[in-house]
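Please read the points below with the structure open beside you.

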Amino acid sequence: MRTPSHVVVLLVAMVLAVVAASWLVARPPAIVMPGIVTGIPGLSAHERSTAASDSSCIECHGDVVAKHRASPHGRTLARIDAGAATTLATARRDDDALGRFIERDSSAWFEHTQRVAPLPVQWLFGSGMQARTPVTTWLDPDGRTVMLEHALSWYPPGFLDATLGTEAMQSRGGLAACGKLLDPETTRACFGCHASLVPARDGRIDEGAVVVGVGCVRCHPGGHLHATAMTRGGTDQAAGEWKRLSPLESIRACGECHRRDDQLPPEDIRPDNTLIVRFAPVGLAQSACFTRQSDHRFDCLTCHDPHGAATRRAAATTERCVGCHGDASSSRKCSSAPLTSDCTTCHMPAVEVQPHLSFTDHWIRIRPATRSHPGE
Ligand code: HEC
Ligand code: HEC
Ligand code: HEC
Ligand code: HEC
Ligand code: HEC
Ligand code: HEC
Ligand code: HEC
């Protein structure tokens, strides 16, 4: 008796499915970092905050911890203290039309002519590398944490100007004149990308228990299990998953906060859309250097130390470019500029999104404007 062909097809499909499934199971899971870390399963509140802070890593990785604490990731969020209050109160500004910050008893307050009482400021978002935005939090009628993202931000080296996206606020009255009022979900999302632990119940953030900064466990999930195992003399490898990620998985893991290419509508991903320059992984994912990589691996770590600041040395980046485009294996070399020039000025320039705020365009490409004979 002959087996009907569709049965054969079915059997083959089943065998393939089993092979595929076992391959999937054998593969380590890609690192996916949730937008908001509200807790770590199976740990008490105290254990959670220890696990989320870098103190559980310092014993064995003291050098990494020290470097990370001083880096922008270690300083993405800060509670207002005397130093921060002085920073805000003494910052230069052109006029007081948008209001001003004052320092009182080591706290910061915001004063505005259209408001009766001064507003206390509880948090500063941003490390100050680019900007720091003051934030006022309170509870809405349902007891959920909401916040005001102030319309005035601090910019280096030390002045106040409009916060990105809040320029239109000044024409309004009351609280809305002071900045953007954010709902409970948005409030939690802000903390989610700028903190390592955001304990919350029924929408109310336990602000005293927030672990500030993008800490070790944000990028090494399960790091606390590794720490415990290592302390007991084990050889747990759970903290070392980055090495096993494909380049796309790797840039998307950074993109959980820096934004992923697959989170944007495809029609928004265009070279002329300057709004996307802020989202490094989105631009990088479009670059031929990334999509056509083969022998030389290319992801964020090609140019950035995840535990440190961006180098801000054009020579360091050029070294990376030349590392791939200078050697004989590169099929393409710059026909316009010598290998000793600063590659970023033409292929990866900084783009100003508003006065005082610019981002590096990570979409590495040939820009018509940099050709000496446009239109050729
Ligand atoms: C008791 C010592 C100890 C503690 C505590 C500890 N580690 Fe480690 N860690 C090690 C040792 C030893 C290695 C290298 C051994 C290895 O690669 O297996 C390592 C390796 C690593 C690696 C690299 C793994 C790889 O495959 O390259 C990462 C990432 C890491 N640790 C993160 C952390 C984080 C995050 C914490 C804190 C939550 C932490 N460690 C706490 C001892 C420790
Ligand atoms: C949990 C969220 C989060 C994740 C995950 C994350 N980042 Fe960041 N990153 C931030 C925030 C927030 C800032 C802004 C810090 C500031 O205010 O200057 C930042 C800043 C940076 C900067 C700028 C540093 C500077 O000197 O100005 C670089 C570079 C960077 N991240 C690279 C990475 C890379 C590479 C990865 C993946 C390995 C990554 N980030 C993963 C949240 C994250
Ligand atoms: C999806 C993750 C994410 C969310 C949500 C988020 N941020 Fe950020 N934030 C980042 C990253 C990544 C950076 C660094 C790169 C950049 O500027 O986009 C950053 C940078 C900043 C900076 C430094 C200035 C700058 O633009 O580089 C400030 C201030 C800031 N965020 C405030 C906020 C506030 C306020 C909210 C809520 C309205 C918020 N962030 C929500 C990820 C996030
Ligand atoms: C922004 C994400 C990010 C944060 C935050 C972060 N790491 Fe890492 N870490 C990485 C990545 C990515 C690698 C892999 C580096 C590579 O392969 O070049 C890594 C590698 C390591 C390694 C092994 C190689 C090395 O550089 O020694 C150790 C140990 C480590 N991290 C510990 C820590 C500790 C401890 C903290 C907190 C103080 C921390 N990491 C915070 C992303 C991060
Ligand atoms: C890890 C290796 C690697 C690094 C690092 C690298 N590239 Fe590339 N780049 C490539 C590959 C691969 C291609 C595609 C080559 C091809 O099409 O044959 C490419 C293509 C290009 C192109 C052509 C783009 C297009 O759309 O046709 C330019 C321009 C370029 N790279 C510039 C740079 C610059 C500038 C840097 C440094 C900021 C850099 N690359 C870093 C590997 C790299
Ligand atoms: C080819 C090199 C290269 C790669 C790859 C790269 N960057 Fe950058 N990045 C730069 C340069 C150059 C700057 C400007 C600062 C400097 O010179 O160090 C920068 C700056 C940044 C900044 C600071 C804000 C800004 O826009 O200037 C962030 C955040 C950042 N990169 C995130 C990332 C992330 C996330 C990835 C991976 C998706 C990544 N970068 C991959 C070269 C690179
Ligand atoms: C003055 C601006 C400028 C600088 C600086 C510059 N480039 Fe270019 N690059 C161009 C232009 C314009 C083209 C397109 C040339 C053409 O189509 O003939 C190009 C093309 C390329 C290409 C693609 C070549 C091809 O076959 O299509 C690569 C790769 C490249 N550049 C890499 C680099 C690297 C690496 C550096 C730094 C060492 C660099 N460029 C510096 C303007 C520049």
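1. A polar contact is a pair of N or O atoms within 3.5 Å; within protein, one atom must be able to donate a hydrogen and the other to accept it, and residues adjacent in sequence count only if both atoms are side-chain atoms. By that rule, a polar side-chain atom of Arg332 lies 2.9 Å from an oxygen atom of ligand 5. Arg292 also has a polar side-chain atom 2.4 Å from an oxygen atom of ligand 5, and an N or O atom in the side chain of His325 is 2.8 Å from a nitrogen atom of ligand 5.

2. A word on the basis of the values. This is a predicted model, in which local features need pLDDT of at least 70 and side-chain atom pairs count only at pLDDT 80 or more, while totals for chains, interfaces and linings use all residues. Residues are numbered from 1 along each chain as its sequence is written, chains are lettered from A and ligands numbered from 1 in the order in which they are written, and side-chain values use heavy atoms, with hydrogens and water left out.

3. The shell around ligand 5 comes next. A residue is near a molecule or strand if one of its heavy atoms lies within 4 Å of it. Ligand 5 is surrounded by 18 residues, and the closest are Cys289, Arg292, Cys321, Cys324 and His325. Helix α12 supplies the largest share of this shell, 5 residues. Helices (H or I, at least four residues) and strands (E, at least two) are DSSP runs, numbered from the N terminus.

4. Which protein atoms are donors to the iron atom of ligand 5? They are Cys289 (SG) and His325 (NE2), lying 2.0 to 2.3 Å from the iron. Donors are N, O and S atoms within 2.8 Å of the metal (3.2 Å for Na, K and Ca); water is not among the atoms, so sites may look incomplete. Cys289 sits in helix α11 and His325 in helix α12, so the pair links distant parts of the chain, 36 residues apart.5. The arrangement around the iron atom of ligand 5 is octahedral, because its 6 donor atoms subtend angles of 86 to 179°. Four donors count as tetrahedral if all angles lie between 85 and 135 degrees; four count as square planar and six as octahedral if opposite donors are over 155 degrees apart and all others between 65 and 115; anything else is irregular. Cys289 is partly exposed, with a relative accessible area of 27%, and His325 is partly exposed at 34%. Buried means under 20% relative accessible area, exposed over 50%, and partly exposed in between (1.4 Å probe, protein chains only).

5. The iron atom of ligand 6 is coordinated at 2.0 Å by His304 (NE2) and His362 (NE2). His304 lies in the loop between α11 (288-291) and α12 (314-325) and His362 in the segment after β16 (357-360), so the two tie together parts that are 58 residues apart in sequence. The 6 donor atoms around this iron atom of ligand 6 subtend angles of 86 to 179°, which makes the arrangement octahedral. Is His362 buried or exposed? His362 counts as buried, at 17% relative accessibility, whereas His304 counts as partly exposed, at 37%.

6. Around ligand 4 there are 15 residues, of which Cys216, Cys219, His220, Trp242 and His307 come nearest. The elements that give two or more residues to this shell are α4 (62-70) and α7 (216-219), and α4 gives the most, with 3 residues. A polar side-chain atom of His220 lies 2.8 Å from a nitrogen atom of ligand 4.

7. Helix α9 (residues 247-258) has 12 residues, which at 1.5 Å a residue should span 16 Å; its end C-alpha atoms are 15 Å apart, which agrees. The expected span is 1.5 Å times one less than the number of residues. The buried residues of α9 are Pro247, Ser250, Ile251, Ala253, Gly255 and Glu256. What covers them includes α6 (184-194), α10 (280-286) and α11, where contact means heavy atoms within 4.5 Å.
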